[in-house]
Each structure stands twice: as structure tokens, then as C-alpha cells.
Amino acid sequence: MRCELMVVCAVQLGENLCLYFADDDELECDAFSKEKILHRFLRNVNSQVLVVQPDLNMAAFEDVTDQEMKSGSGMNFCMHCYKTTTPSAGMPVAFSVRVEDKSYYMCCEEEHGKMIVRFREGEVPKDIPGESNIIFFKKTFTSYSSKAFKFEYSLERGMFLAFEEEDSLRKLILKKLPREDEVDETTKITLTSHNERYNL
């Protein structure tokens, strides 16, 4: 395998803080390339598990039994980790989940002037050439809490996955935080693996 040295220089900061480089007079945007997939349950601050119900167009944190977790349907997420040229933003990840025999991916869409979280049927791509509404940046929740995370929407800084109570449900939402370092327990998400799920 041959390694070539290529000199590039940053020449333009585009929309959504996308950095472009000069190389042979062409401009190239940051891209994401899938590195690994981790299987995880997503838990909120109350140790409830995120459960997706595509037929109801809903995702909410719920109390689930060990038996329900064994099936994993709608709750055992694939966290797709991507390589990026801008690691300072956090690790880029995308989420997908299987419900029965179908795969659904998490994305963000605008509806009635508000950004919402949706699950669409389909597969997460291996490579993403530029900006995408399925990418979130995984960040440590606080400097002293290395096992808990928050996930910032890649297309809008300060917008994080969170939950909101509605009709006795804790629904998955996107929440705008005024400051990135603000500690908001509704954005705190713990990732547990198949083997860890019974120990919480």
C-alpha cells in the first residue's frame, strides 16, 4: 500500500460550518464514513429504555421488563459510528432499530416550523458525502460523567436529543439548549449493551 502526501488548505467555511478545502482547484466538503456499529439500549435519567413504535409514529422512554428487553424489538439500537474530518464536534453517529422484520433509521425533519425526531423505514448508509439529517454528534454529558452522553443534531448547533413529558409518556424530542455546557437532565442518555442491561 502506497501513502501519498497531499497538501490542502482550508479556504472556505460554508453553511452549517461545513469546512471546504482547496485541492486541484476543487472544493470538497467534510464527509462521514462508517467505522463501526455498536448495539445499545438508550436509557434516560430515570433508567427508562427508548422504545420505537413506527406504526404509531412514536418513540418514548418506557419502563420495560427483562422479558421485553430480551426480544429487543424497537429498543435494541444499532449506533453507527462514523469517521470524520472534524472530530472536535464529537463522534458522528446515526441510529437505527429493528421492529419485527423491518429496519428504521432516526432522522430529524421540520414539521409546522418545528424540528422533530422521526423514524423512517430503510438502512443507514455506509458513507455520507456531506451534511445529513441522520447524523448526531455524541458528546460527554458532563466532564465528570464519562458514562452518560448527549447527542447534538449535526445540522443545528445547540439542538439535542431529549425527552419531554406528554400524556404520561416521555417522548423523544429535539431540544434547544441556550449553552452547550448547560446541564439539562432531559438530554442525558446512557448507553447500555446487551450484557449490561440487567445490571441497572
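## A walk along strands, hairpins and salt bridges

Let's start with a contact: Lys139 and Glu152 join their side chains in a salt bridge, with N and O 3.0 Å apart. Lys139 belongs to strand S12 and Glu152 to strand S13, so this pair ties together parts that are 13 residues apart in sequence. By salt bridge we mean a side-chain nitrogen of Lys or Arg within 4 Å of a carboxyl oxygen of Asp or Glu. Side chains of opposite charge can pair when their charged atoms come close.

Before going on, some housekeeping. This is a predicted model, in which local features need pLDDT of at least 70 and side-chain atom pairs count only at pLDDT 80 or more, while totals for chains, interfaces and linings use all residues. Residues are numbered from 1 along each chain as its sequence is written, and side-chain values use heavy atoms, with hydrogens and water left out.

Back to that pair: is Lys139 buried or exposed? Lys139 is buried, because its relative accessible area is 11%. Glu152 is buried as well, at 3%. Here buried means under 20% relative accessible area, exposed means over 50%, and partly exposed is in between (1.4 Å probe, protein chains only). The areas themselves come from the Shrake-Rupley method with a 1.4 Å probe, and for residues only the protein chains shown count as cover.

Now zoom out to the strand that holds Lys139. S12 spans residues 136-142 and is mostly covered, with 6 of its 7 residues buried. Strands here are DSSP runs of E with at least two residues, helices are runs of H or I with at least four, and both are numbered from the N terminus. S12 pairs with S13 (residues 145-153) in the antiparallel sense, over 6 bridges. For two strands to pair, DSSP has to find at least two bridges between them. S12 and S13 make a hairpin, with 2 residues between them. Within this pairing, Phe137 stands opposite Glu152 in S13, and Glu152 is the residue whose side chain meets Lys139 in the salt bridge.

S12 also has a link to S8: the two run antiparallel and are joined by 3 bridges. In that pairing, Val93 is found opposite Phe136 in S12.

Glu100 counts as exposed because its relative accessibility is 71%. Together with Asp55, Asp101 and Glu121, Glu100 gathers in a patch of negative charge on the surface. Patches are built from residues with over 30% relative accessible area and no salt bridge, joining like charges within 9 Å and nonpolar side chains (Val, Leu, Ile, Met, Phe, Trp, Tyr) within 5 Å. For the bookkeeping, Lys and Arg count as positive and Asp and Glu as negative, while His and the chain ends are not counted. The place of a charge is taken as NZ of Lys, CZ of Arg, CG of Asp or CD of Glu.

How many salt bridges does the rule give? The count comes to 6. Among them, Glu111 and Arg118 bring their side chains together at 2.7 Å, N to O. Arg118 is buried, as its relative accessible area is 11%, whereas Glu111 is partly exposed at 33%. Another one links Glu165 with Arg170, whose closest N and O atoms are 3.2 Å apart. In this pair Glu165 is exposed, at 53%, and Arg170 is partly exposed, at 21%.

That brings us to S14 and S15, which pair in the antiparallel sense over 8 bridges. Phe163 has Leu172 in S15 as its bridge partner. The two strands form a hairpin with 2 residues between them, and there Asp167 takes a positive phi near 50 degrees. Ser168 sits in the loop between S14 and strand S15 (169-176). Its phi is near 65 degrees, a positive value in a residue other than glycine. Ser168 is exposed, with a relative accessible area of 74%.

Another positive phi, about 55 degrees, turns up at Asn57, which is not a glycine. Asn57 lies in the loop between strand S5 (49-53) and strand S6 (58-62), and is partly exposed at 41%.

Last stop: Gly158, in the loop between S13 and strand S14 (159-166). Gly158 is buried, with a relative accessible area of 10%. Gly158 and Glu182 are 24 residues apart in sequence, and their C-alpha atoms are 9.9 Å apart in space.
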